[in-house]
Structures are given as structure tokens and as C-alpha cells.
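Reader: I am new to this structure and would like a close look at one part of it, the sheet and what surrounds it. Please take me through that part in one connected account.

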Amino acid sequence: MILWTQPDGSVIATPQPAHALLSGQLARALAEPPEPFEAVCLAAAQHDCPWMPWEAAPEFDEATGLPRQFNALAGDEHVPMWEAGVRAALANWGGWVGLLVLLHGRHIYGMNILHNRMAPTPAGLAAMEGYVARTPAWAAQIMAELGVTEEQVRPQQQKVAFADAVALGLCWGQERFDCAGVQMTRTGPFTATLDPWPLKPTEITLTTEARRLPSRFANAAAMQAGLASAPRVALSFRLTPAA
């Protein structure tokens, strides 16, 4: 879950798959369209499908009194979930989507290994390194089935990574966020600029849904009850080019 504390102390909690819907909307608006278009846009919109079981029953973080933040999981918790998500994507949406979810996992674990972005533990690091090591053979098998090359796939994976980064920066409340070479700068709670501008339309509004939580819950039981009754929040982010 992506947690964004508000000025009044409440917390906007966006499930990872809900933030991914923003990514899918971005992918459809790219000035350089994805290819194959529908498969890559679907992969962008579903790139966090591995999180779906977790988000249905999030764990309680005693330190914060909230659901565990997405980057509080260690690699040995995250990797089995991600690999199961890749298999689900392959089974349900086909080779291109499964391949891009697989490669997105390698992308995020690579960043985490370099920058300690997830809970740093020896077992977590070993799990992420193992995933990165296993990915080339698995990806090569899928690419052979699809009849495509790494040169054809890499630009599409980069589009998914860009769209994910923008969506994450928005839902996480970041003031500035590097999005695969594009700088996102917040100009208001629900407005931001992208520089350079990578989209076909001259501006875009992205929408998804989250929940508004109190600043903390007393315990896990209170959190589960609170999540079930938490008000739904329609998020709408407007993006424009930098001045």
C-alpha cells in the first residue's frame, strides 16, 4: 500500500494495483506509442498484479499504526509474491504482459539492491539477487515463444517503468521524483509537471481510487475494521508540461 499523509493528519492509502491504473492511462497517452499497443498498455495497468492478494489483507505495522508501506517489505517477502504474479499474468493475459511484469520485477529489484529502497535484510538481498539472476532465462523462454528480441522488448519495459514511476510519485506525495529520466515536479496536491514532456496530449488528467485512513490505528484488528469502513477517495491528478 502506498501511504500519503495529508495536512489534516489523515492518510490517503492507495493499493498498488490502483496506482498501476494511473500507469496504464499514461501508457496510452505516450507520444511514442507502445508496441504492441494493447498488450503493453495492459501490462502498465496491471504491472502490480502481484500485490493483489497482499492488498486484500494488508499487514499491520506496529511502528506506524497503519498498513505496512509498500517498501517496508523485505525482498524475501516480496519475491515469492512477485513470481506468483508473473505466473498469474502469463496465465491470464499472455506472453507480453507476463514478460513485462517479469522484467519490471527485475527493474525494481535492481533499484532496491543499488539504493536500499526496501527493508534491508541479508535474506531479502539474497532473494532479490536470486530473482535478478533467474530472470534472463525465464525472459528468454517467453521471448522465444513470442518470437521477439530483447531489442524489441527493452523500449516497452522502459515505458512501463516510466509510467510506474510517475504514478508512484503522485500517489506517494513526492514533491520531486525522477521518472526514468523525466522529472516530475509537484505544483499542488493534485497537480504536477513533467520535464521533458513525453505525452501526445498537451495535458492529461489521471484518475484512480484510494481510501482515507486516520493517522494511526490502535492494533491490527482496529486497522482491518477501519479499512473495511474507510471512506473511498477519488484521486484525480492533472499533469502539464513544465513552464
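Author: **The sheet and its surroundings**

Seven strands form an open sheet in the order 1-2-8-9-7-6-5, and the pairing is mixed. The edges are held by strand 1 (2-5) and strand 5 (176-179), each with a single partner strand, so one side of each is left without a neighbour in the sheet. From one strand to the next the twist averages 35°. Strands of a sheet pair through backbone hydrogen bonds, either parallel or antiparallel. Two strands are said to pair if DSSP finds at least two bridges between them. Helices (H or I, at least four residues) and strands (E, at least two) are DSSP runs, numbered from the N terminus.

This is a predicted model, in which local features need pLDDT of at least 70 and side-chain atom pairs count only at pLDDT 80 or more, while totals for chains, interfaces and linings use all residues. Residues are numbered from 1 along each chain as its sequence is written, and side-chain values use heavy atoms, with hydrogens and water left out.

Within the sheet, strand 6 (residues 182-188) and strand 7 (residues 191-195) pair in the antiparallel sense over 5 bridges. Gln183 has Asp195 in strand 7 as its bridge partner. Asp195 is also joined to Pro196 by a cis peptide bond, with omega about 0°. Pro196 sits in the loop between strand 7 and strand 8. In the loop between strand 5 and strand 6 lies Ala180, a residue other than glycine with a positive phi, near 55°.

Ala180 also belongs to the lining of the second largest pocket, together with Leu30, Ala31, Glu32, Pro155, Gln158, Lys159, Phe162, Val182 and Pro198. On a 1 Å grid over the protein atoms alone, a pocket is an open set of points where a 1.4 Å probe fits, with protein on both sides within 12 Å along at least five of seven lines; a cavity is a set from which the probe cannot get out, and lining residues have an atom within 4 Å of a point. The volume of this pocket is about 210 Å³, where volume is the space filled by probe spheres set on the points, and grid points are joined across faces, edges and corners. Helix 7 (residues 150-171) gives the largest share of the lining, 4 residues. The lining has 7 nonpolar, 1 polar and 2 charged residues. Ala, Val, Leu, Ile, Met, Phe, Trp, Tyr, Cys and Pro count as nonpolar, Asp, Glu, Lys and Arg as charged, and the others, Gly among them, as polar.

Helix 1 (residues 16-28) lies across strand 1, strand 2 (11-14), strand 8 (204-213) and strand 9 (232-241), and runs at about 175° to strand 8. Angles run from 0 to 180 degrees between N-to-C directions, and axes are lines fitted to C-alpha atoms, for helices over the stretch in contact. Contact means heavy atoms within 4.5 Å.

The axes of helix 1 and helix 2 come within 6 Å and cross at roughly 150°. These two helices are therefore roughly antiparallel to each other, a label for angles over 145 degrees, with under 35 counting as roughly parallel, 65 to 115 as roughly perpendicular and the rest as oblique. Where they meet, helix 1 brings residues including Pro17, Leu21 and Arg28, and helix 2 brings Phe37 and Cys41, among others. By class, this contact has 8 nonpolar, 2 polar and 2 charged residues. The loop between helix 1 and helix 2 (37-46) holds Pro36, and the peptide bond from Glu35 to Pro36 is cis, with omega near 5°.
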